[in-house]
Structures are given as structure tokens and as C-alpha cells.
Amino acid sequence: MTTPVKKVPIHLQSSQNRLLIKNGKVVNEDGIFDADVFVEDGVIKELGRNLIIPGGTRTIDARGRYIMPGGIDPHTHFELQMMGARSVDDFYQGTKAALAGGTTSVIDFVIPQQDEGLLEAYERYRMTADEKVCCDYALHVAVTKWDAKTREEMATLVQEHGVNSFKFFMAYRDVFMLRDPELIEAFKVCKSLGAVAMVHAENGDIIYENTKKLLAAGVTGPEGHEMSRPEEVEAEAVNRACIIANQVSCPLYVVHVMSRSAADALSDARARGVCVWGETLAAALGTDGTTYQHKCWRHAAGHVLSPPLRPDPDTPEALMKKLVVDGLQVTGSDNCTFNADQKALGKDDFSKIPNGVNGVEDRMSVVWEKGVHAGLMDPSRFVAVTSTNAARIFNLYPRKGVVAVGSDADIVVWDPSRKRIISAETHHQAVDFNIFEGMEVHGVAEYVIVGGRVCVDECQIKAVHGFGKYLETLPYPAYVYDAVEEHEKQPRGVARSEADAKRQHEEDLALT
Ligand SMILES: C[C@@H](CNC(N)=O)C(=O)O
Ligand SMILES: [Zn+2]
Ligand SMILES: [Zn+2]
Ligand SMILES: [Zn+2]
């Protein structure tokens, strides 16, 4: 509980920017240790016990709690206009909900509208987000068409606007999709700029064919969504993206890996030495595709996103195990939320259901519940997959993603034993539906500190509209480009034997 601030003489009273978090266990990706944390001017200034601190410092008693780096959600879509609707969580309410769940930085996606240039779209997102965000944010940029200007605009975004990651869609044919020759060019440009290539990996041509066939056969309900893109359609694209990236020696980040076979394709590529990192979603860890058979249309449609949730009920645990053994590295939310009336745009045709689900508020609790509380994952790995790895890949580390002297004071005091029931009735998101409705989760963010400011105080939200800042992500993240450099030195083929050994080890681990 918070120790009441004792009255101190005015000349000793500091502004609200001094904080001491006492008696907790600090958890970083590389270990857990007992230490108090002293924060001043938005930065972590000291770690240790029996710290000498100035008067006027607020003290938070973290006894029995973990002190962790604030969560980083590298995959959100606030107020995204797509498929005829605008996602209802905007940059204010979306980041407020993020804070409620322990996430203190998000990375959203600039997705250009029809005929909008990349720079134009980027400026639009900055104008919209800067004044609304309650926590710090960065931006990936989606390249949804390849033309003469694209290369130059990507260079400008990297060199002048703090963008170091670009998303390419292998699905959404005739809307966002790039084909292989364009992907090769795009990955080469990313490599030349020191950027990270990101893919939405599904085979858009097969989906196009299957969708036509299903609709012609009268399958129009949400169940048709997953039927049009079964998991091999995802796994094929993951494998293809890994090979293209490897052939042009470009670092690759695969977003929203939603199935066991796609995760296998990615971890196999890693075992071969391909420089690829994989992200899965809270949605894929917390629920599954049996929901598409739900008799309530709204409920089934409420779970429609791409790639879809998988009908194999063992998928969530398989993906969690991949995170545990470093077959996958990151968890995101892909928060892209639509209310019932918006989802109903696809009432008679599943391919018109706006794609997207919630997750930004519940991501960390779902990972804690299904990973740590379930006994599969330790707290340090939890920090790695909910914060540190994303910071390293997108070049925000050690400013973000670690409790260390000199890092931003983005901190979560996490109560591992506190429980809550997830519900749309009580969540802080704007959307009228929650895919985790009714789920009891252990692990609650009791205090969330953003740049030294207490924005969740004993579970009460005190988010501040516009308090967050835009984070420039610089090119050539060492964590990624050192791996690329190392891989380029390897004579071709030698990695095979190591790869087999590594994969065998991983499979043994997964079976324990
Ligand atoms: C359009 C965006 C959100 N929607 C989704 N994942 O279904 C994405 O594909 O990541
Ligand atoms: Zn996507
Ligand atoms: Zn219902
Ligand atoms: Zn997305």
C-alpha cells in the first residue's frame, strides 16, 4: 500500500517526480533480484536497498509484488479505417486501456488509405496520435503498394522520421497485398536502410480462390472465414517470407503467428539460421477458432481477425510453449476493435466482416495466466516476451524494456496473486465486446508508472490525455543487425547440422 506522504517543509517538497518503489522483486529478462527503485525526473536513478532518498519522495510499498519493465505492445491499430469501418479504440482510449493492463508503450501501424502516400499517411497518424496518447508510442509503416515513389518515401521515413520497420501484406489481395517480386524489392530496400521487414503472412491468392468457392457454395457465416484460410495457408506464407528474406539477407519479423504449423515454419527457419523473429497474439494464446461455430453471430464474428484463430483447441498451449522455448519471441495484441454494428457489415458475407479483435488491455494478464500461472513460463521470460524483446528488435532498448539505472521510468508493479474476471462490462476499451469475456486471470498491474508518473494507482486509472510522446526508432537495431552480420559470415549449409541439433533440443524441451 502507499505510505502516506508525510508533511515536509515546502523547500524540501519536490514536484511529483520523485518516487521510491520499495520491498519488491525486480524482474528483468535476465533475472530476478531484490531491490528498491528510485525514480526522479522520469528516469530510473537508483536500484538497491537502503537508498538515501530526498524528502518529498512518494513511496510505493511493493511487498509481495514484482517490479517489471512496462509492457511494450508492438502491434496495435487504433482508429484504423479498414473494410468500411474505423476501429473504435482511438489513440486516447486505446493507450488508456493499455496502461490499465500494464503496457506502457505501443507501436501502431501507419496504413495508408487508397491513393495516400506513405509520408502523407505518416503525417496524418502523427497529427492524430500525438495529442491523444496516454503513453509513449512508435509507428511501423505498412507498404500496401509498390511504385516508383515507395523506395524514396521509405528512406525519408527512416532517415527523417524515426521509422525503422515496414509491414508488407502477403494477403488482402487487390487491397494491401504485395507479390513475391515486390517483396524481394521491399526486403532489399529494408536491408539497405537498416530497417526491419515485417509481414502479414498468408497466401492471398489461395484465400481469394477459397472465398469465391465458399460463398458460391452458400457458406456466408463467420465459420467461412477460417475455412477460407486454414493454417497451411499461413504456414506456406511464413516459410516463403523466411526464404525470400534469407536470400536477400534482410531481418524479418512475422506478425500475428496464429497456428502451430506457422510457428513451426518460423522456428525451423530460425534453427536454419534465418534472421527471423516471430510474434503471436494474446488472442491466440487465450482463445481458439471453435468460437467461429458459436450460434450467436455477433459472438462468432467478434473473433474474426486474420490470420484467424485456429479450430485446433491445442493451439493456444502449443504457441505458449513456442514462446517458452524461444521458438517465438514476442506477444502483441493486434488490437483492432469493431462494435457489433460494424461487424454486421459482413452479416451476409464473412469476407466483409471487419477483421480485428481486442487485446491491448488484457495481453499481459492473458500471457501471465496461460504462461506463468499455468507453470509453463518463468517471470523473466514473461518480461522478455511482453516487453524486452520488442524493445530490442525495434531499437528501443535499454531506454525501454528493462528496469535499469538510466532507463525510462516505465514500470509496472505486478501483483501475481491478484485475480480479475475479464469482461466488456468492466474493461477500459471502447469496444462493446471482449474475446476473453468471463476469463479469470491471475496477474494484475497494481501500479503503472509512465515516465515517472503514476498512471495506474492501486488499480485506479489516472491516465493523462496527451501525456505520451512519439518514440523515434532508429535504424540498424544491434540485436537484429548483429545477427544478420553473423549469419552473412556463415558459409552456406554449415548451419544445417546445428539447426538439426537446435531443433531436436527445442522439441525435447517442448515435450518436458
Ligand atoms: C489489418 C490488421 C488488423 N486486422 C487483423 N489482424 O485481422 C492486420 O492484418 O494486422
Ligand atoms: Zn496483419
Ligand atoms: Zn452473443
Ligand atoms: Zn495488425
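## Zinc site

The model is a predicted one.

A separation of 3.9 Å lies between the zinc ion (ligand 4) and the zinc ion (ligand 2). The two histidines of the site, His75 and His77, are both buried.

## Cavities

Searching the whole structure turns up four cavities of 30 Å³ or more. The volume of the largest cavity is about 130 Å³. Its lining is made of 16 residues, and His77, Met82, Tyr172, Asp334 and Asn355 are the closest to its centre. By class, the lining of the largest cavity holds eight nonpolar, six polar and two charged residues.

The second largest cavity contains about 50 Å³ of space. Its lining consists of Pro69, Gly70, Gly71, Ile72, Thr104, Ser105, Arg399, Lys400, Gly401, Val402, Asp408 and Asp410. Strand E8 (71–76) and strand E11 (103–110) are the elements that give two or more residues to this lining. The lining of the second largest cavity divides into three nonpolar, five polar and four charged residues.

## Largest pocket

The largest pocket has a volume of about 680 Å³. Its lining comprises 28 residues, and those nearest the centre of the pocket are Tyr172, Arg173, Asp174, Val175 and Phe176.

At least two residues of the pocket lining come from each of strand E9 (81–82), helix H5 (204–216) and helix H6 (223–228). Helix H5 gives the most, with six residues. In the lining of the largest pocket, twelve residues are nonpolar, ten are polar and six are charged.

## Aromatic pairs

There are 16 aromatic pairs in the structure. One of them is the tilted pair of Phe168 and Phe187, with 5.9 Å from centre to centre and 55° between the planes. This pair links distant parts of the chain, 19 residues apart: Phe168 belongs to strand E13 (residues 165–169) and Phe187 to helix H4 (residues 180–193). Phe168 and Phe187 are both buried.

Trp277 and Tyr479 form another tilted pair, at 6.3 Å centre to centre and 40° between the planes. It also joins distant parts of the chain, with Trp277 in strand E16 (residues 276–281) and Tyr479 in helix H15 (residues 478–489), 202 residues apart. Trp277 counts as buried because its relative accessible area is 6%, under the 20% limit. Tyr479 has 33% relative accessibility, so it counts as partly exposed. Elsewhere, ring pairs link Phe78, Phe91, Tyr122, Tyr125, Tyr137 and Tyr470 into a cluster.

## Cis peptide bonds

The peptide bond from Ser306 to Pro307 is cis, and its omega is near -10°. Pro307 sits in the loop between helix H10 (297–301) and helix H11 (315–324).

Tyr397 and Pro398 are also joined by a cis peptide bond, with omega at about 0°. The loop that holds Pro398 runs between helix H14 (379–393) and strand E18 (411–421).

## Positive phi values

Glu458 is a residue other than glycine with a positive phi, near 50°. It lies in the loop between strand E20 (453–457) and strand E21 (460–461). The relative accessibility of Glu458 is 34%, so this residue counts as partly exposed.

Tyr476, likewise not a glycine, has a positive phi near 60°. Its place is in the loop between E21 and H15. Tyr476 has a relative accessible area of 45% and is therefore partly exposed.

Note on methods: Residues are numbered from 1 along each chain as its sequence is written. Chains are lettered from A and ligands numbered from 1 in the order in which they are written. This is a predicted model: local features need pLDDT of at least 70, side-chain atom pairs count only at pLDDT 80 or more; totals for chains, interfaces and linings use all residues. Side-chain values use heavy atoms; hydrogens and water are left out. On a 1 Å grid over the protein atoms alone, a cavity is a set of points where a 1.4 Å probe fits but cannot get out, and a pocket is an open set with protein on both sides within 12 Å along at least five of seven lines; lining residues have an atom within 4 Å of a point. Grid points are joined across faces, edges and corners, and a volume is the space filled by probe spheres set on the points. Helices (H or I, at least four residues) and strands (E, at least two) are DSSP runs, numbered from the N terminus. Ala, Val, Leu, Ile, Met, Phe, Trp, Tyr, Cys and Pro count as nonpolar, Asp, Glu, Lys and Arg as charged, and the others, Gly among them, as polar. Donors are N, O and S atoms within 2.8 Å of the metal (3.2 Å for Na, K and Ca); water is not among the atoms, so sites may look incomplete. Buried means under 20% relative accessible area, exposed over 50%, partly exposed in between (1.4 Å probe, protein chains only). Rings of Phe, Tyr and Trp (its six-membered ring) pair if their centres lie within 6.5 Å; planes under 30 degrees apart count as stacked, over 60 as edge-to-face and the rest as tilted.
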